[in-house]
Amino acid sequence: AAALPGAQAGAVQEQQPSVVAYLFEFNPRLLRQFLRPLAARDPRVHIMAAAAHVREGFITAYLDKRKEAPGEFPCVARRFARNPAGSSSLLKDMPRSGAAVNVTAVSIPDFLRAHRCEADEIHLKIDIEGFEYELLGALIERGVHCLVRTYYIEFHFSVPTVPWRGRQVPPKQASREIAEELRKCAEVKDWW
């Protein structure tokens, strides 16, 4: 099983025909333009129209246009709708000028526990615009990080500090410490 963005899922599946991919994406444009067509061509691709998160619930996502990609609407900030205090501290200061959309959040730690079979070889690709620190921290804290064989992670360094083990630290320090912890039981690869 793999959790990968659509473009990478297609490439992985060509090399490994037994791979089943679960793709988490909440951006309606990306779902419509890229992921649903991919899933229509390949029954091993399962689209999860939801945000990858650390707990179940609902998130308000802001789809802002980026200067470098006119016409595209990637998410640049998200927060828990029911609990603004539980918002991602990484993303709360980012501009939120785009359209707000309410989306379902899926707990990735819970998803891994519930959907893993003994024979599964799980590869997890994470590129979630700064939320990776909170997600990886939750996987480690809940003891499910060793269910994953390979992590492909894009760490983002655009904020001065990130939450890691109950404290705020520079993102480069957190990324090193997280990778070190994950390497105790899994392979960790940079993705960028």
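Predicted model: local features only at pLDDT ≥ 70, side-chain atom pairs only at ≥ 80, totals over all residues.
Student: How many aromatic pairs does the count come to?
Tutor: Rings of Phe, Tyr and Trp (its six-membered ring) pair if their centres lie within 6.5 Å; planes under 30 degrees apart are stacked, over 60 edge-to-face, and the rest tilted. By this rule, the number of aromatic pairs is 3.

Student: What kind of pair do Tyr-22 and Phe-111 form, and how far apart are they in the chain?
Tutor: Their ring centres are 5.4 Å apart with 70° between the planes, an edge-to-face pair. Helices (H or I, at least four residues) and strands (E, at least two) are DSSP runs, numbered from the N terminus. Tyr-22 belongs to strand E2 (residues 21-24) and Phe-111 to helix H3 (residues 108-115), a separation of 89 residues.

Student: Is Phe-111 buried or exposed?
Tutor: Buried means under 20% relative accessible area, exposed over 50%, and partly exposed in between (1.4 Å probe, protein chains only). Phe-111 has a relative accessible area of 10%, so the label is buried.

Student: Why is the pair of Phe-24 and Phe-111 called edge-to-face?
Tutor: The centres of these two rings are 5.1 Å apart and their planes stand at 90°, so the pair is edge-to-face. Phe-24 sits in strand E2 and Phe-111 in helix H3, so this contact ties together parts 87 residues apart in sequence. Phe-24 has a relative accessible area of 19% and is buried. As for the name you asked about, the planes at 90° make the pair edge-to-face.

Student: Which residues form one aromatic cluster?
Tutor: Phe-111 pairs with Tyr-22, and Phe-24 also pairs with Phe-111. The cluster is formed by Tyr-22, Phe-24 and Phe-111.

Student: How many residues of strand E8 are buried?
Tutor: On one side of E8 point Ile-122, Leu-124 and Ile-126, and on the other His-123 and Lys-125, all of them buried. For strand E8 (residues 122-126), the buried count is 5 of 5.

Student: In which sense do E8 and E9 pair, and what is the hand of the crossover?
Tutor: Two strands pair if DSSP finds at least two bridges between them; E8 and strand E9 (residues 148-153) have 5 bridges in the parallel sense. His-123 stands opposite Thr-150 in E9. The chain runs from E8 through helix H4 (residues 132-141) to E9 as a β-α-β crossover. With the strands pointing away from the viewer, a clockwise path from the first strand over the helix to the second is right-handed, and this crossover is right-handed.

Student: Which cysteines form the disulfide, and what is its hand?
Tutor: A disulfide is a pair of cysteine sulfur atoms within 2.5 Å, and those of Cys-146 and Cys-185 are 2.1 Å apart. Cys-146 lies in the loop between H4 and E9, and Cys-185 in the loop between helix H5 (171-182) and strand E12 (187-190), so the link ties together parts 39 residues apart in sequence. Cys-146 is partly exposed at 42%, as is Cys-185 at 30%. With -90° about the S-S bond, the link of Cys-146 and Cys-185 is left-handed.

Technical notes:
Residues numbered from 1 in each chain as written. Heavy atoms only, no water.
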